[in-house]
Amino acid sequence: MEDMLLARAGQPPDAWTRYFILDPGHTRAAGVFLAVPPPDEGDFIYQYDELYPRGFEANQMASAVEQKGAGYLFESFIIDAHAARISLMGLGRTVYSLYSEAFGRRGIKSRLSGSGFQLGSDDTLARQDLVRQWLAVRPDGTSRYRLWKPNCPNTIREFERYRKQEDSRGHITDKAVKRDDHLMNGIEYAAAYNPKYHAPDKRSFIGSAAFRAFTNFMAKKKEQTSDTVYMGPASANS
């Protein structure tokens with residue numbers, strides 16, 4: 001498995017099911033790319049990439065997802081439900097509508113939610129407990145959650161800085177310190193959603209932006225080409 005992923009620079013095979021989870025944030029947006037392999041290839045959730053920009057708005061995030069997504073049709077997009085409902089002053093629009101429309105303009109779609117999003121769980125403690133279950137070491141020495149380190153440096157940094165809060169008496173609580181947790185939030189939403197394997201449609205690879213542009217160019221060129229075949233001496237039409 002590791003050799004196969006290494007040969008693909010960490011990118012999951014075409015047959016794996018892909019998910020994208022978005023934490024819009026106020027000053028920093030964050031995106032988590034996950035994949036689930038077919039059952040006969042293992043029982044785990046694989047984070048193969050991340051987005052961790054500062055000050056990104058919806059159109060910039062959509063552009064980044066388009067590049068990272070490499071043209072694949074995802075199974076589902078998931079978003080922070082609380083942030084999604086926020087209406088932005090001066091625009092009269094919700095965060096949800098801005099991101100879903102930005103994704104739609106670029107043709108970025110998932111099977112279950114189109115260019116929209118499914119809402120992530122608001123139950124913070126339950127989400128965090130589910131992540132701990134993902135990280136628990138199983139009898140075979142593996143955990144359910146795995147990630148490709150070269151593509152996920154900020155996720156690793158957030159895991160390293162993860163801390164639980166203390167109460168007024170200095171006792172450790174179940175609540176995590178809400179700091180530097182943008183990608184962690186995305187993983188929590190994913191854990192609460194419990195992504196599963198669904199065999200991708202054969203049409204799920206829709207091509208990268210460059211590939212689609214090339215395909216459109218060739219289609220238009222074909223339309224402009226005459227079907228007439230000229231025989232004999234060369235002419236202006238040959």
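Trainee: What should I keep in mind about the source?

Mentor: It is a predicted model: local features need pLDDT of at least 70, side-chain atom pairs count only at pLDDT 80 or more, and totals for chains, interfaces and linings use all residues. Residues are numbered from 1 along each chain as its sequence is written, and side-chain values use heavy atoms, with hydrogens and water left out.

Trainee: How many helices and strands does the protein chain have?

Mentor: Eight helices and 10 strands. Those are DSSP runs numbered from the N terminus: helices are H or I with at least four residues, strands are E with at least two.

Trainee: And how much of the protein chain is buried?

Mentor: Buried residues are 39% of the 238. Buried means under 20% relative accessible area, exposed over 50%, and partly exposed in between, with a 1.4 Å probe and protein chains only.

Trainee: How does S1 pair with S2 and with S4?

Mentor: S1 (residues 17-23) runs antiparallel to S2, joined by seven bridges. With S4, S1 pairs in the parallel sense over four bridges. Take Leu22: its bridge partner in S2 is Gly31, and Ile79 stands opposite it in S4.

Trainee: What sits between S1 and S2?

Mentor: Six residues, making a hairpin. Gly25 in that turn has a positive phi of about 65 degrees.

Trainee: And the other neighbour of S2?

Mentor: S3 (residues 45-51), antiparallel to S2 with five bridges. Phe33 stands opposite Asp49 there.

Trainee: Which faces of S2 are covered?

Mentor: Both. Ala30, Val32, Leu34 and Val36 are buried on one side, and Gly31, Phe33 and Ala35 on the other. In a regular strand the side chains alternate between the two faces of the sheet.

Trainee: Which residues of the largest nonpolar core touch the most other members?

Mentor: Phe20, Tyr46, Met61, Val65, Tyr99 and Phe103, out of 27 residues. A nonpolar core is a set of buried Ala, Val, Leu, Ile, Met, Phe, Trp, Tyr and Cys residues joined through side-chain atoms within 4.5 Å. S1, S2, S3, H2 (58-69), S4 (76-79) and H4 each give two or more residues to this core. H2 gives the most, with five.

Trainee: What does Phe20 touch?

Mentor: Leaving aside neighbours within four places in sequence, its contacts include Val32, Leu51, Met61, Val65 and Phe103. Another core lies apart from the largest one, with 17 residues, among them Ile78, Val131, Tyr145 and Tyr189.

Trainee: Now H4. Which of its residues are buried?

Mentor: Val95, Ser97, Tyr99, Ser100, Ala102 and Phe103. They pack against S1, H2, S4, H3 (81-84), S5 (87-88) and S6 (93-94).

Trainee: Why does Ser100 count as buried?

Mentor: Because its relative accessibility is 14%. Beyond four places in sequence, Ser100 is in contact with Ser115, Gly116 and Phe117.

Trainee: And where is Ser110?

Mentor: In the loop between H4 (95-105) and S7 (118-119). Ser110 counts as buried because its relative accessibility is 4%. Its side chain makes a polar contact with that of Ser113, at 2.6 Å. A polar contact is a pair of N or O atoms within 3.5 Å; within protein, one must be able to donate a hydrogen and the other to accept it, and residues adjacent in sequence count only if both atoms are side-chain atoms. Ser110 also touches Leu73, Phe74, Glu75, Ser76 and Phe77, not counting residues up to four places away.

Trainee: Last one: which non-glycine residues have a positive phi?

Mentor: Among them, Ala9 at about 55 degrees and Asn194 at about 60 degrees. Ala9 is in the loop between H1 (2-7) and S1; Asn194 is in the loop between H7 (182-193) and H8 (209-224).

Conventions
Contact = heavy atoms within 4.5 Å. Pairing = 2+ DSSP bridges.
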